[in-house]
Amino acid sequence: MVENVGGIEALLQEDRRFPPSDEFRNQANISDPNVYEEALRDPEGFWAKFAEELDWIKKWDTVLEWDPPHAKWFVGGKLNVSYNCIDRHLKSARRNKAAIIWEGEPGDRQVYTYRDLYREVCKFANGLKSLGVVKGDRVTIYLPMVPELPIAMLACARIGAAHSVIFGGFSAESIRDRIDDSQSKLLITADGGFRRGAIIPLKQNADDALVSPTPIENVVVVRRTESADDKMVAGRDIWWHDLVADQPMHCEPEPMDSEDMLYLLYTSGTTGKPKGIVHTTAGYLLGTYATAKWVFDLKEEDVYWCTADIGWVTGHSYIVYGPLANGATSVMYEGSPDYPDRDRFWAIVAKYGISIVYTAPTAIRTFMRWGEEYPQRHDLTSIRLLGSVGEPINPEAWMWYWKNIGLEKCPVVDTWWQTETGQILIAPLPGITTLRPGSATRPFPGIDAEVVDEAGNPVGPGGGGYLTIKKPWPGMLRTIYGDPDRYVEQYWSRYPDIYFTADGAKIDEDGNFWLLGRVDDVINVSAHRISTMEVESALVDNPKVAEAACIGRSDEIKGQAIVGFVTLKDNVTSSDEVIAELKRHVATKIGAMARPDDIYFTAELPKTRSGKIMRRLLRDVAEGRALGDTTTLADPAVVEALKQQYGDDE
Ligand code: PRX
């Protein structure tokens, strides 16, 4: 049985339909519905045709080698991702087009044309080489949303080093774990970043992460906030501006094999240890290129804005690689949506004439709560398409977005995918698909998705079950860095040779997919993936805690909120101070986004007779529901006591 984790069962009653307007269909990059059938008949041919649109140093010999569960795409091909995202656009008038329009939170602004981007990427790539970074090395990047972030990524891609970007909200300890796992020899950071008017002390966090022993030999520091001028470590740290000052402005792109690693990106799984998801060169580039082109209907004249942070996969695929491979103009914003006021996003849309906005449901629900007056302050008529990603979008939020931001004339594309999938897998094609508020609609052409029951049988229309992907796709992860067994076990062992997404879904009579949330111990907080095990480990790391269990409780704005159930050690008394201390402890161990919303104290945790914590019952308590089946509990009194204490005031 798949639980309806997100509490959005009601969406199956949703019956509004939005077919594409003639106006949209007539100008769309793809409007022929036969594309689905053609791609299903010959997926490899479908992807190969798309791959012709990329620039190859050497064409591939074989489109796909599938030795389950290991796929190789475009085998024998050679290419360079930075060349595809930059150099090839310099041959046309695109050379003077804005590649990146960046706005800092204080209101400062920079525009990089494709030619500018070329120069800056080449200079930094030469800087990396001067520090001894070579093809095959790993480089960790811990930066705020500044232009140096995509420049550093593209410079790594140019010389064949794999980047490992860490979201700026992670703590020193999280940085340290990721650096140790990837064995990076270089760290790129900034003195700080601006967020809601304050400075996030990135350099301080980085320094705290680099206590010896560390594989990091050098730290390149971007001067953003002028807040760490006295913190440079002699012999180890170098300013970005000093590093690039005398570098030549050309750097030959390294010819990479299709299957060479492009990057690794850590994400949370069901254990306490984050997984380094490995993405490779050709398939990933193609997957992001093709989906950006068709799902967002990207055109030469679009001004496209994905509001995600590049520290997450959405930013990798749909701020940097997908849009730039398409030669698009990609907007980046450094800060918070409510600084200096709650209309900041809409001021940005109006200022740059943004035509495509891609954001998360949690942001949309926040805007809903703030009210319509903020978008109404600005001219949003430049927008022609809206996107959503990161968590299930409830129909109410979808309709609000469509009405107040899209002004009732723009398609809303809800895109389902994961860090592991690299590219969008389920989403409408806006020139073809009839939209349904709350549904990601259909698998992208060439993607074979199915909802199955426990035994692996397709559930068919109306049924609920586990979302699986039956055939390999170009942008899929290739492995977990340093842990090939976990790759097989995590994704390919539940159903042999079929990719297990760990998401619940339903299919309706028309074949639309309705995503229901995670079915494993991963919580989705404000579209950020957090493992219950990670938070539990952080809690028990505190000397006051004997035992802890965490769950995700439904939350109107964030999708899910973290609730920790804690048993304190015998000599410790519960108090508000202890609650505050434990929340702080988790934030310091992992990062502020993992701070629990609530901590409940309990003398014991509800466990089965074999000692397994029954999180399902904890969720029932936290959400104020009647308790589900308690027959397997070792001691039913434990959960009754919890319910008495916390259950009814929710
Ligand atoms: O549960 C799904 C949810 O986010 C998970 C993937 O998280 P992450 O790897 O951080 O990538 C987020 C951005 C792609 C999925 O397993 N998810 C993502 N998009 C959607 C979604 N759930 C429902 N609808 C979506 N559109």
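This is a predicted model: local features need pLDDT of at least 70, side-chain atom pairs count only at pLDDT 80 or more; totals for chains, interfaces and linings use all residues.
1. Overall size. Along its principal axes, the C-alpha trace spans about 75 × 60 × 55 Å.

2. The secondary structure of the chain comes to 20 helices and 30 strands. Of the 650 residues, 62% are buried, and among contacts with a separation of 6 or more, 72% are between residues 24 or more positions apart.

3. Packing around helix α3. A reader who wishes to look at one helix in detail may turn to α3, which covers residues 43–51 and in which Pro43, Phe46, Trp47, Ala48, Phe50 and Ala51 are buried. These buried residues pack against the helices α2 (34–41) and α10 (282–295), and also against the strands β1 (62–67) and β2 (70–75).

4. The loop from β1 to β2, and strand β2 itself. Proline 69 lies in the loop between β1 and β2, and the peptide bond that joins proline 68 to proline 69 is cis, with omega at about 0 degrees. In strand β2 one finds phenylalanine 74, whose phi is near 55 degrees, a positive value in a residue other than glycine. Phenylalanine 74 has a relative accessible area of 0%, so it counts as buried.

5. Two further backbone details. A cis peptide bond also runs from tyrosine 339 to proline 340, with omega near 0 degrees, and proline 340 is found in the loop between β17 (329–333) and α12. Aspartate 297, in the loop between α10 and β16 (303–306), has a positive phi of about 55 degrees although it is not a glycine. With a relative accessibility of 1%, aspartate 297 is counted as buried.

6. Salt bridges, beginning with a local one. The structure holds 54 salt bridges, of which a few are described here. Aspartate 22 and arginine 25 meet through their side chains in a salt bridge, with 2.9 Å from N to O; both residues lie in helix α1 (residues 22–27), three residues apart, which is about one turn of the helix. Aspartate 22 is exposed, since its relative accessible area is 51%, whereas arginine 25, at 30%, counts as partly exposed.

7. A buried salt bridge across the sequence. Glutamate 103 and arginine 344 form a salt bridge in which the closest N and O atoms are 2.9 Å apart. Because glutamate 103 belongs to strand β4 (residues 98–103) and arginine 344 to helix α12 (residues 344–352), the pair ties together parts that are 241 residues apart in sequence. Both glutamate 103 and arginine 344 are buried.

8. Arginine 494 forms a salt bridge with glutamate 454, the closest N and O atoms being 3.2 Å apart. This pair links distant parts of the chain, 40 residues apart, with arginine 494 in the loop between α16 (484–492) and β24 (499–507) and glutamate 454 in the loop between β21 (449–452) and β22 (464–469). Both are partly exposed, arginine 494 at a relative accessibility of 39% and glutamate 454 at 48%. Elsewhere, salt bridges link Arg17, Arg436, Asp508 and Asp510 in a network.

9. The cavity. One cavity of 30 Å³ or more is present in the structure, and the space in the largest cavity is about 50 Å³. The largest cavity is lined by Asn80, Val81, Ala157, Gly160, Ala161, Met256, Met261, Leu262 and Thr281, a lining that by class has six nonpolar, three polar and no charged residues.

10. Threonine 314 lies in helix α11 (residues 313–325) and is buried, with a relative accessible area of 12%. Leaving aside residues up to four places away in sequence, threonine 314 touches Cys306, Ala308, Ile319, Tyr358, Val389 and Trp417; its C-alpha atom is separated by 8.1 Å from that of valine 389, which is 75 residues away along the chain. Aspartate 230, in the loop between β11 (218–222) and β12 (237–239), is exposed, with a relative accessible area of 67%. Between the C-alpha atoms of aspartate 230 and isoleucine 310, which are 80 residues apart along the chain, the separation is 28 Å.

Note on methods:
Residues are numbered from 1 along each chain as its sequence is written. Side-chain values use heavy atoms; hydrogens and water are left out. On a 1 Å grid over the protein atoms alone, a cavity is a set of points where a 1.4 Å probe fits but cannot get out, and a pocket is an open set with protein on both sides within 12 Å along at least five of seven lines; lining residues have an atom within 4 Å of a point. Grid points are joined across faces, edges and corners, and a volume is the space filled by probe spheres set on the points. Ala, Val, Leu, Ile, Met, Phe, Trp, Tyr, Cys and Pro count as nonpolar, Asp, Glu, Lys and Arg as charged, and the others, Gly among them, as polar. A salt bridge is a side-chain nitrogen of Lys or Arg within 4 Å of a carboxyl oxygen of Asp or Glu. Helices (H or I, at least four residues) and strands (E, at least two) are DSSP runs, numbered from the N terminus. Buried means under 20% relative accessible area, exposed over 50%, partly exposed in between (1.4 Å probe, protein chains only). Contact means heavy atoms within 4.5 Å.
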